[in-house]
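These are my notes from going through one model, entry by entry. I wrote down what I looked up and what I found.

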Amino acid sequence: MEIGKKYEHSGIEKKWYTFWEEKGFFKADPSSDKPPYSIALPPPNVTGVLHMGHTVMAVVQDIMSRYKRMSGYDVLWLPGTDHAGIATQMVVERDLQKQGISRHDLGREKFLEKVWEWKQANGGTITKQLRCLGSSLDWSRERFTMDEMLSKAVVEVFVSLYEEGLIYRNNYIINWCPSCRTALSDLEVDYQESDGNLWHIKYPVKGEEGRYLVVATTRPETMLGDTGVAVHPEDVRYKDLIGKSVILPLMNREIPIVADPVLVDMEFGTGAVKVTPAHDFNDFETGKRHDLEEINVIDETGKINSLGGKFEGLGVIEARKAIVEELDSLGLLGNIDKHSHSVGNCDRCRTVVQPILSKQWFVKIEPLAKPAIEAVETGRIVFQPEHWKKTYFEWMYNIKDWCISRQLWWGHRIPAWYCSDCGETVVARTEPSVCPECSSKKLERDPDVLDTWFSSALWPFSTLGWPEKTDDVKKYYPTTLMETGFDIIFFWVARMIMTGLKFVGDIPFEKVYFHGMVRDEKGQKMSKTKGNVIDPLDITEKYGADALRFTFAMMPLSATDLKLSKDVIEGYWNFINKIYNAVRFSLMQFDEGEVLEFDPIKYDDDDFSPADKWILCRLDSATEQVGKSLEEMRFSDAAGTVYHFFWHEFCDWYIELVKPVFFGEDIKKKEVTKKVLLKVLDASLKLLHPFMPHVTEELWQGLPVKYGDKKESIMISPFPVPGNFKRFEAEAQTMEQVLEIITGIRTIRAENNIKPSLETDVILSLQRDVKTVLFSGEAYLKRLARVKNISFAEENFEPGKETASTVVKGGTIFIPLAGIVDFSEEIKRIEKEIGKLQKDYDVCEKKLTNENFLKKADPKAVEKEKAKHAELSGKLDHLKNRLGEIAG
C-alpha cells in the first residue's frame, strides 16, 4: 500500500478504526485455546462526555490490550456504561423543567419512559468518543448497568444477601440531600472546612432555679430535636447533675442528663453536649447507649417539620436565625464564638447535607470486608502502586454498614414488597402475587432504588453473564486487570472485591493499577472557572489521538498528579511526523513494485556492515526492554525506550550511516541494508503500535514485505521478541565507540563555529584497543564528522595553543584550529555571549537573594528560577573556560 506524502491524522485514524472494527479484530473468543487476558472498562456515566480522566484510563487499558493481543492472548476488553442514578435523573428533570413539567406531573412510569428516551438519544456519546481514541474494545459485548442481564444479577445479589441476613431495613441516621431528595452514602458527601459560629445555650436545670447547664453547638436549629444532654462521668462540675433533667428551651420538654465518656470531651467547650439522636451521627450512637428518644425535626425538603413547634415550615438557616433571636430575647443565649468546622455537601449538587433519621436499606458489610482484606493482604490481588493498599486498609478496617437505598425513580428498584394487611415485608426474585403470610393480594413495592454503586460493584462478573455459568464467566473471570483512578478505591474497588469473593468465590481481578489525577502544566486541577481545561476532543482534532496517547504513555502514570501541557503534546506530534517521514524516506530506497521475503535476514549468509550489526543489536535491546516494561506496566519506560531507539538510534544514526550504501553502486550491500531496514521498521512499528495504533498501521501496511503468514493487520501480528542479534554485541560496542568519537568531533566543531562544509584534520590519542575500533569505522567517522585526515598522536604529543580537545572513552580527540578559526573574532563572539548571559544571570541571582521573592513566590516558580540559575552558571563557566583556552 502506498502511503501519502503527508501525515493526515484525521483521515488515517477514521480509516483504520473502521477497518479494525469491521474485521472483528477487537472481539474475544471464549472457544479459543489462547490464554485469556481480560479487562472490564470502568463504566463511564451514561451522561458523561470524554474528559482527560477517561482518556488516561482508556490509553492504559488499550496499550495493555493491544500488547497482549499481539503477544498471543485472547483479549477481552469489555465496554459499557453506568446508568448513573442521580446524575441521569437530574439531567432529565432539568429538561422537563424547561418545559414547565416536573417528574411528579408525569408519574413514575411516564418519567422512566422519558429517561429511557434520553438514554437512547444521548447515552452513546462517550462510547463514540472512546472510539476516537482508538480503543480496541469488544463492542459486541457492550453492557449497560440497567440491561436485563445485569439487572438479573443485581436482584440475585440483593435477595441472596437478604436471605443471609446481610441486607436489612431499619431506622437509621443517614446523610440526606434536601435538593436531590435522597439518601447519600458516606462516600457521596464532600466535607469542607467552613467558617461558622459556636453558640452557647443555657438549658435550665429542673428543680434548681437559676442553675443552667450550658451547651455549645454549631447547629442551634437541631436543638428542637434534643432528647438529652451528656456530660463526662468524671467531670466534677457536673457529677451532681447526672441522672437529673434539664428543660429544653423553646420546646419546654424535660430531657435527661446522662454520663457518656465516649461522646464528651471535658476539655472542649463547656464539657456538656446536647444530644440530638435524629440529626447527628455521634448523637445517634449515644442515644442507643442511653435509650434516648429519636425525634426527627427536619423533613426531606430541609425544612422544620411539625415536631419543631412554631418553627415549622422554616428552612434550616431561617430556623437557626429565628431560634437564636428567641433564645437571646429569653436570656438563654450565652457567648457566640467564631468557629471553623467541617460541613458536608452533596457531591452532586453541592447542597449542605442534613443528617436525618430515616428508614433505609443497608448492607451489613463487615462479614464481606474480612475476605476482601485478606485477598489484598496475602497478595492475591496486587495494587500498583503498592502504597494505595494503606488507603484501602484504613477504610476496610473501619468500615460501616452501607446504606444502599436511594429515593429516586431511575435505577434498579428494590425487590421488596409490603403487605398492606399484615405488614409483612416480602423480598423476592420475581414479583409475588400474594403475601406468603396472609395470602393478601394488597402488596405494594418499595418505591426506592438501589445506590448506583450497588450494581457497579458487580461489574466484573455481571457483565460476563453471571449468575448463569456462561462461557465468558468460565474463561474471563477473574479478570486480569482493573485500571482506575485512586479516588474510587472505596466507592468501587473495595466493593467489587467484596462481591466477587462472595458470589463467584474468587477475586474479581488479579491486579489493580491506579492512575493519577490529570492536572494542567502547573499542577493545578482543571476547571472551567480557571479556564485551564484541556479537552481531549480538541486535542485529537488538532494533533490526532496517537499524539495524545503517546503523551500519556510517556508520563509517570501511577504518580498522584499528572501534569499535561499542549506543548508536550505538540512535541510528540512532531515525533509521529518524524516516524512517518523516516518510513517514507526508507521506502523510497526500494524500486517500484519491489517486495522482499520476510523474515528477510539470513544470519549466516548476509554480509552485514558494522552499522547493520549495531542497529540490529540495539533493536534487540530495545525489544527486550519494551516487553519487560509493558509486563510490569511501566509505560513511560516502555514508551521512552522505543522513542529513544527510533529517533536517536535509528533516525539520527543508522539512516545517516547507511545513506552512502543507497546512493552507491554496490548492489550486494544495498540488498543487505534493505533487509535490515525492513527488519528494523517492521519491529519498530510493532513496538510502537500499542502506543500509537493508527499511524503504525498506516505505515506497516506500506512496507514492501511478503510474509509467509502475513496478517491482515499489524494489531493481530506477533509482538516482537528478542531475536538472535545478541551475537553482534561485540561489534555493536565497537560501533558505539565510533559514534562517541563522531559526537566528540561534532561538539568541538559546534563550540568553535566551524562551518559544516569545512573538513578538519583530527589527531586521536587513544588506547590500543580503541585504535583498532577505527579501522572498521573510519569511513563513518570521516563522512559524518567532516574529517579530512585522521592521525594518531605520538606518545609525547603536546597540543598547540590553537588546538581544541575533548575527552572520550579510551582517549582524547584533538582538532588543530589554526587557519580554520579566526581567534580574534571568536574571542569577540564569546565575550559578547558572556555579556548577554551575565545580564540574565545577574537578574536571576538578584531574585534568588531576595527574601521577599523566596517567601512569597510560588514554590514552583522558585524551583524554576533555581534551575535557570544553574543552567546559566554552567554556560558561563563553559564559555569562560573556552575564552581562557584560546586567549591564553
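**Entry 1: a helix pair.** I looked up which residues join α17 to α22, and found A545, D546 and R549 on the α17 side meeting P693, H694 and V695 on the α22 side. I sorted this contact by class and got 3 nonpolar, 1 polar and 2 charged residues. The model I am reading is a predicted one.

Next I checked how the two helices are placed. Helix α17 covers residues 545-553 and α22 covers residues 693-701; their axes come within 7 Å and cross at roughly 120 degrees. I therefore noted α17 as oblique to α22, because an angle of 65 to 115 would count as roughly perpendicular and one over 145 as roughly antiparallel.

**Entry 2: the nonpolar cores.** I asked which members of the largest nonpolar core touch the most others. They are F552 and F650, in a core of 145 residues. Helix α20, residues 635-663, supplies the largest share of this core, with 15 residues.

I then listed what F650 is in contact with, leaving aside neighbours within four places in sequence: S586, I615, F645, I655, L677, V680 and L681. There is also a second, separate core, which has 65 residues, including V159, V363, A369 and I404. My course reminder here is that nonpolar side chains tend to be buried together in soluble globular proteins.

**Entry 3: S440.** I found S440 in the loop that runs between β19 (425-427) and β20 (443-445). Is S440 buried or exposed? Its relative accessibility is 8%, so I wrote down S440 as buried, because the cut-off for that is under 20%.

I followed the side chain of S440 and saw that it reaches the backbone nitrogen of K442 at 3.0 Å. Setting aside residues up to four places away in sequence, S440 touches C419, D421, S433, V434 and C435.

**Entry 4: M266.** I looked up M266 for another loop position, and it sits between β11 (253-259) and β12 (272-275).

With residues up to four places away in sequence not counted, M266 touches H232, E234, D235, R237 and G271. Last, I took the separation of M266 from T803, which is 537 residues apart from it along the chain. Their C-alpha atoms are separated by 84 Å.

Key:
Residues are numbered from 1 along each chain as its sequence is written. This is a predicted model: local features need pLDDT of at least 70, side-chain atom pairs count only at pLDDT 80 or more; totals for chains, interfaces and linings use all residues. Side-chain values use heavy atoms; hydrogens and water are left out. Axes are lines fitted to C-alpha atoms, for helices over the stretch in contact, and angles run from 0 to 180 degrees between N-to-C directions. Helices (H or I, at least four residues) and strands (E, at least two) are DSSP runs, numbered from the N terminus. Angles under 35 degrees count as roughly parallel, over 145 as roughly antiparallel, 65 to 115 as roughly perpendicular and the rest as oblique. Contact means heavy atoms within 4.5 Å. Ala, Val, Leu, Ile, Met, Phe, Trp, Tyr, Cys and Pro count as nonpolar, Asp, Glu, Lys and Arg as charged, and the others, Gly among them, as polar. Buried means under 20% relative accessible area, exposed over 50%, partly exposed in between (1.4 Å probe, protein chains only). A polar contact is a pair of N or O atoms within 3.5 Å; within protein, one must be able to donate a hydrogen and the other to accept it, and residues adjacent in sequence count only if both atoms are side-chain atoms. A nonpolar core is a set of buried Ala, Val, Leu, Ile, Met, Phe, Trp, Tyr and Cys residues joined through side-chain atoms within 4.5 Å.
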